[in-house]
Amino acid sequence: MHQEGFHPPVEQYLRVAYELTEDGIPVMRARIAERLGYSGPTVTVMVRRLVAEGYFEADERELHLSPKGLQVAEGVVRKHRLAERLLADVIGLAWPKVHREADLWEHVISDEAEAHIVALLHNPATCAHGNPIPGAGVTPPSTRPLSVARPGDQVRLERLTETVEVDIETLVYLDDHGFRPGACAEVKDRSPDGTLTLAINGVAMAVTPALGAQLYVSDPSGHCGPGATAALPPEKATRLRGR
Ligand SMILES: [Zn+2]
């Protein structure tokens with residue numbers, strides 16, 4: 001539950017800091033402003049408050065979540081990623097839309113409701129984009145960026161970064177080609193500029209080096225197919241949807 005005087009904007013800032021760190025991007029005010037779509041001065045004022053309240057430790061340029069900030073951030077990220085799975089797997093909202101929707105849900109799910117969502121979804125390991133849910137207790141598979149793949153490689157999409165999660169056009173492009181976490185592909189070709197041509201169930205898809213750097217893949221050992229990470233068997237998901 002939220003503490004007294006606790007406001008969603010605080011949670012947004014802490015979640016974005018967590019996600020930037022997760023993707024290896026230094027947490028700077030400009031990056032936060034980009035992610036949240038706020039002006040520089042707005043972010044500067046809010047960050048000053050968050051430093052004063054002990055959520056961030058700041059040096060000249062970079063911010064770091066304090067232990068207190070990290071604890072709050074993990075809770076928000078957890079609710080966000082669980083909400084994505086609920087929206088995608090049970091409620092049936094289109095995959096490209098679940099991140100935006102979860103931006104709202106992450107602030108209103110109580111700890112009690114969260115426990116029920118975890119049980120309903122059988123404690124999922126990842127969000128709808130393959131990113132690990134904090135506290136799920138699952139070690140993510142070892143991955144590499146798709147951009148380093150060579151023709152002839154077989155790959156399984158494990159996760160896409162938050163940079164892609166907020167990019168609706170790219171999500172729709174991936175979805176249209178069936179290239180969601182769990183899907184497998186063969187690398188057919190690599191152009192001189194590093195653009196890859198993938199074959200996904202017979203469908204060809206081009207991946208620029210910039211996009212490939214945001215998509216993390218593994219060697220396909222288990223089963224493949226969009227939704228292979230889904231926690232609910234399809235019949236159960238359909239039944240829940242039909243209620
Ligand atoms: Zn996600």
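In the predicted model, helices α1 and α2 cross in a right-handed sense. Helix α1 spans residues 8–22 and helix α2 spans residues 29–36; their axes come within 10 Å and cross at roughly 110°. Because angles of 65 to 115 degrees count as roughly perpendicular, α1 is described as roughly perpendicular to α2. On the α1 side, the contact is made by Gln 12, Tyr 13, Val 16, Ala 17 and Leu 20, which meet Arg 31, Ile 32, Arg 35 and Leu 36 of α2. Sorted by class, the residues of this contact comprise six nonpolar, one polar and two charged.

The model also contains an open sheet of six strands, arranged in the order β3-β8-β4-β5-β6-β7 with antiparallel pairing. Its edges are formed by β3 (144–145) and β7 (203–207), each of which pairs on one side only. Within the sheet, strand β5 (residues 184–190) is joined to strand β6 (residues 196–200) by four bridges in the antiparallel sense. Asp 189 lies opposite Thr 197, a residue of β6.

Confidence in the prediction was examined along the chain. The average pLDDT is 88, and 89% of the residues score at least 70. Residues 1–5, however, have a pLDDT below 50, and this stretch makes two contacts in the model beyond near neighbours in sequence. A further stretch, residues 228–243, stays under 50 as well; for these residues the model has 22 contacts beyond four places in sequence. Where pLDDT is low, predicted coordinates should not be read in detail.

Key. Residues numbered from 1 in each chain as written. Predicted model: local features only at pLDDT ≥ 70, side-chain atom pairs only at ≥ 80, totals over all residues. pLDDT = per-residue confidence, 0-100. Contact = placed C-beta atoms within 7 Å. Axes fitted to C-alpha atoms, helices over the stretch in contact; angles between N-to-C directions. Helix = DSSP H or I, 4+ residues; strand = E, 2+ residues; numbered from the N terminus. Parallel < 35°, antiparallel > 145°, perpendicular 65-115°, else oblique. Left-handed = near helix turned anticlockwise from the far one by under 90°. Nonpolar A, V, L, I, M, F, W, Y, C, P; charged D, E, K, R; others polar. Pairing = 2+ DSSP bridges.
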